Amino acid sequence: MEPWTGAPSSPDKETADSSPVALNSYTEWDPLREVVVGSLAGGVFPGWQESMTHTLPEAAWRICREEGGQPFPAAHLKAAEGELDTLAGILESEGVTVVRPDTVTHQRPFRTPHWTSDGGLYAGMPRDLLMVVGDTVIEAPMSWRCRYHEGDAFRTLLKSWFRRGARWMPAPRPQLLDELYRTPGGAASPDGDRWAVTEFEPVFDAADFLRFGEDVIVQRSHVTNEFGIDWVRRALGPEFTVSVVETNDPHAMHIDATFAPLAPGKLLVNPERYIPHPLFEGWEILPAPAPALPPDWPMYFCSPWVSMNVLSLDPETVVVERQEQPLIDALTTWGFRCVPVDFRHVYSFGGSFHCVTLDTVRDGGPGKYLAS
C-alpha cells in the first residue's frame, strides 16, 4: 500500500497478512480494534448522470455537469485530506489500528460497451462500497457509473483479508444500462415508484445498511433497490435477519445520517427523517440537534445533517465533529465521551466519520439487540 503522511504508516502487506484476525465486526458500537480510513487524494467531480438529481444538492448539478472528471478544488481537498490524516492519528492514539486504501488515479475517463464516464470519484468513503458482517466483506454494486472501479483502491486490503481467512463476497457486477434509471432517457415508472433506480438488476450502496448483531437494517433509496436488498439477504443467509425500515427522506442515499446506533439500546436519529419502527421498541431515542454548519459552507454531495454521521469507538465513546457543540453537549449529557475532530472540509465531499471509515475488527460476536 502507498505510504501516507500525517499519522503512523499503514501496515504493509506482510504485516497485515500476519495479523491473527482478518475481519470480525457485527455491530456499529462494539470496541473498535481495526479500521480503514479513506483517502480523498486525487479525487474528482463525478461524471454526471441524471439520476443524481434525486440526491445531490441542486447547487452541485452544474459543477458535475460541467466539471465531471476534473479535480476537486486543490486547497479545499488538501484541507480535507489533512483532516483525514488527523483522524487516523487520533484513532491510533485511541488504540485502534488504522489502514488506508491504495493510491489510484481517478481522473482517467473509462467506458464499457454501453456507456462512458469522464472519470471516477475518490477512495474517500469506504463505507459506501464495502460492508463487513462478521468475517465477511461484501463489495457493493453501486449505481453511480463513475464509481464502477472504486474497488480498485481497496484491492490490496481485500486480498489481504481473504488471505488471512476472511470471506470475500463481491455482488454481481452491474451493467448500469439506461433501463436501471427512472430518469429522462431511462425507464418509465408506470407504478409511480419514486426511486431513481428500478429493479432492472441488483444495486445497492453498502452505506444504506447498518449492523445490529444478528440483525441488519436497510433503507430503500435512490441507489439501493429491492433486488439489491434481496441479494444481501440471501448472501448473508439465515444467520442474519435483514429488515427494511422506512424513512422520511425524499433524497434518501445512505442511512447513516438518519440512524446512528451508538450503544445497545441507544439510537441517535435525524428528527426530520426518523419514522418510529417496532424493531427499536425499548430503545432510547435521541433526536440529533440541528447541524451547526454555516449555511454558506460548500457542500457538493450531501446536506448538513452529515453532522450526525459519527463513529462509535466503543459503547461509551463517540468521534464527533469539533464544531458541532450542540451535538457534543447532547451526547455528553447522554453519557458518552466525545472525541472532537475538525472535519468540516471532509463534509464538503459527502460524508463524515462513519462514511470515511470501515470498521474491520471490533470485539464481540453477533448478539440479539432488536425487538422481534
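Analyst: A pocket is an open set of grid points, on a 1 Å grid over the protein atoms alone, where a 1.4 Å probe fits and where protein lies on both sides within 12 Å along at least five of seven lines. Please keep in mind throughout that this is a predicted model.

User: With that in hand, what volume does the second largest pocket have, and which residues are the closest to its centre?

Analyst: Rolling a probe the size of a water molecule over the atoms shows where empty space is left. Here the second largest pocket has a volume of about 350 Å³, and 17 residues line it, with Glu139, Ala140, Tyr148, Arg173 and Pro174 the closest to its centre. By residue class, that lining divides into 9 nonpolar, 2 polar and 6 charged.

User: How much space lies in the largest pocket, and how do the residues of its lining divide?

Analyst: The largest pocket holds about 520 Å³ of space, and among the 29 residues that line it, Thr55, Met253, Phe301, Cys302 and Ser303 are the closest to its centre. Its lining comprises 14 nonpolar, 8 polar and 7 charged residues.

User: Is Tyr26 buried or exposed?

Analyst: Tyr26 has a relative accessible area of 17%, and is therefore buried, the cut-off for that class being under 20%. Phe240, with 12%, is likewise buried.

User: How many residues does the largest nonpolar core have, and which of them have the most contacts inside it?

Analyst: In soluble globular proteins, nonpolar side chains tend to be buried together. The largest nonpolar core in this model has 40 residues, with Leu91 and Val319 having the most contacts inside it. Two or more residues each come from strand 1, helix 2 (58-67), helix 3, strand 14 (311-314) and strand 16 (337-341), and helix 3 gives the most, with 6 residues. Leaving out residues up to four places away in sequence, Leu91 touches Val35, Val37, Val96, Val98, Leu311, Leu313 and Val319. Apart from this core lies another, of 35 residues, among them Tyr26, Val133, Val218 and Trp231.

User: Where is the place of His106, and with which residues is His106 in contact?

Analyst: His106 is found in the loop between strand 2 (97-99) and strand 3 (110-111), and its relative accessible area of 9% means that it is buried. Beyond its neighbours within four places in sequence, His106 is in contact with Ala41, Gly42, Gly43, Val44, Gly119, Gly120, Leu121, Tyr122 and Ala123. The C-alpha atoms of His106 and Ala41 are separated by 9.1 Å, although these residues are 65 residues apart along the chain.

Note on methods. Residues numbered from 1 in each chain as written. Predicted model: local features only at pLDDT ≥ 70, side-chain atom pairs only at ≥ 80, totals over all residues. Heavy atoms only, no water. 1 Å grid on protein atoms, 1.4 Å probe; cavity = no way out; pocket = protein on both sides within 12 Å on 5 of 7 lines; lining within 4 Å. Points joined across faces, edges and corners; volume = space filled by probe spheres on them. Nonpolar A, V, L, I, M, F, W, Y, C, P; charged D, E, K, R; others polar. Buried < 20%, exposed > 50% of the residue type's maximum accessible area, 1.4 Å probe, protein only. Core = buried A, V, L, I, M, F, W, Y, C linked by side-chain atoms within 4.5 Å. Helix = DSSP H or I, 4+ residues; strand = E, 2+ residues; numbered from the N terminus. Contact = heavy atoms within 4.5 Å.
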